Amino acid sequence: MSPKNFSKHQMSVRGWKNLVVGLFLCQIGNLNGTVSTNNSTFTTITTPKMKYLNQTEATNIDIELFNDYKFSVDQLMELAGQAVAHSIAKTFPVQELPSNKLLVCCGPGNNGGDGLVAARHLSLMGYEPTIYYPRMVDKELYRNLVHQCKSMDIELVQTVELEQANEYGLIVDALFGFSFKPPVRPDFLNIMDVMRRTTRPIASIDIPSGWDVENGPPEDGIKPTLLISLTAPKMCAKFYTGKYHFLGGRFVPPSLQEKYKLDLPNYPGVDTCVQI
């Protein structure tokens with residue numbers, strides 16, 4: 001074989017090798033992939049068997065975490081809120097938002113508590129959160145969470161209009177969790193309308209507020225850009241068509257995962273969240 005023909009043959013072999021490798025990587029990419037923004041990179045992990053919880057299963061898992069595994073409410077809330085903050089920071093790096101100011105909308109239940117914790121963590125990551133909290137809960141746990149936020153100079157407000165909301169770089173939806181049952185209470189009708197009409201991206205914690213935990217969005221439901229499922233995705237997440245979906249809360253005991261056949265993905269490295 002002449003040097004000229006050898007060179008062509010070598011190039012042809014290399015071309016086929018590159019094609020085969022490329023096809024192989026594409027197949028792997030259907031299961032795992034790496035997603036990059038301008039200044040951040042995170043791994044996408046898909047597990048076809050991963051279970052989506054109905055409302056009863058989600059409730060029972062929480063009860064078992066409290067009663068059988070002896071987690072406290074504030075302990076789980078801290079773990080969940082930190083995972084929410086990390087998911088937001090990975091998806092919306094502070095330097096890529098039009099403003100580092102965030103509006104964190106908190107409801108009266110545990111979902112709102114997760115939002116309070118997330119706001120505190122986000123304030124340590126270069127963001128400037130403002131907490132919308134129209135119905136403060138008069139319980140020690142929530143009073144402590146509010147005190148912690150105020151001690152870190154995080155502003156709390158009880159009214160927000162659409163024009164004000166559009167001045168923030170991101171809205172965090174922590175109004176209602178998986179125990180929500182319609183209709184929306186009067187105290188929250190205005191903020192729900194604001195979230196439906198805002199031009200800013202929304203990051204919803206566990207359940208997009210106003211959605212049915214099993215049957216998904218109502219006709220005029222909000223459309224978050226980021227959904228952060230906690231513990232395990234709920235059935236409504238099957239209806240989610242937004243750009244980013246994370247799983248947060250690296251705390252579920254293996255025996256509990258096995259009992260409910262959750263088939264959760266492995267979290268990369270030391271991360272508290274994973275894109276799914």
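Predicted model: local features only at pLDDT ≥ 70, side-chain atom pairs only at ≥ 80, totals over all residues.

User: Fine. By class, what does the lining of the largest pocket have?
Analyst: That lining has 17 nonpolar, six polar and six charged residues.

User: What volume does the largest pocket have?
Analyst: About 630 Å³. The lining takes in 29 residues, and those closest to the pocket centre are N110, N111, G177, F178 and S179.

User: Which elements give two or more residues to that lining?
Analyst: Three helices do: α2 (55-67), α3 (73-91) and α4 (110-123).

User: And the second largest pocket, what is its volume?
Analyst: About 150 Å³. Its lining includes W211, P217, P218 and E219, and also F239, Y240, T241 and G242. By class, the lining divides into seven nonpolar, three polar and two charged residues.

User: Switching to helices. How do α3 and α5 cross?
Analyst: Two packed helices are described by the angle between their axes and the distance between the axes. Here, the axes of α3 and α5 (residues 140-151) come within 11 Å and cross at roughly 40°.

User: Left-handed or right-handed?
Analyst: The crossing of α3 and α5 is right-handed.

User: Which residues make the contact?
Analyst: From α3, V73, D74 and M77; from α5, L141, Y142 and L145. Five of these contact residues are nonpolar, none is polar and one is charged.

User: New topic. How many aromatic pairs does the structure hold?
Analyst: Three. One of them is F92 with Y244. That pair is edge-to-face, at 6.2 Å centre to centre and 75° between the planes.

User: Where do F92 and Y244 lie?
Analyst: F92 lies in the loop between α3 and β3 (101-106), and Y244 in strand β9 (residues 244-248). The pair therefore ties together parts that are 152 residues apart in sequence.

User: Last one, L162. Where is its place?
Analyst: L162 is in helix α6 (residues 162-165).

User: What is L162 in contact with, leaving aside its neighbours within four places in sequence?
Analyst: V194, R197 and T198.

User: And how far apart are L162 and M195?
Analyst: In sequence, L162 and M195 are 33 residues apart. In space, they are 8.1 Å apart, C-alpha to C-alpha.

Note on methods. Residues numbered from 1 in each chain as written. Heavy atoms only, no water. 1 Å grid on protein atoms, 1.4 Å probe; cavity = no way out; pocket = protein on both sides within 12 Å on 5 of 7 lines; lining within 4 Å. Points joined across faces, edges and corners; volume = space filled by probe spheres on them. Helix = DSSP H or I, 4+ residues; strand = E, 2+ residues; numbered from the N terminus. Nonpolar A, V, L, I, M, F, W, Y, C, P; charged D, E, K, R; others polar. Axes fitted to C-alpha atoms, helices over the stretch in contact; angles between N-to-C directions. Left-handed = near helix turned anticlockwise from the far one by under 90°. Contact = heavy atoms within 4.5 Å. Phe/Tyr/Trp six-rings, centres within 6.5 Å; stacked < 30°, edge-to-face > 60°.
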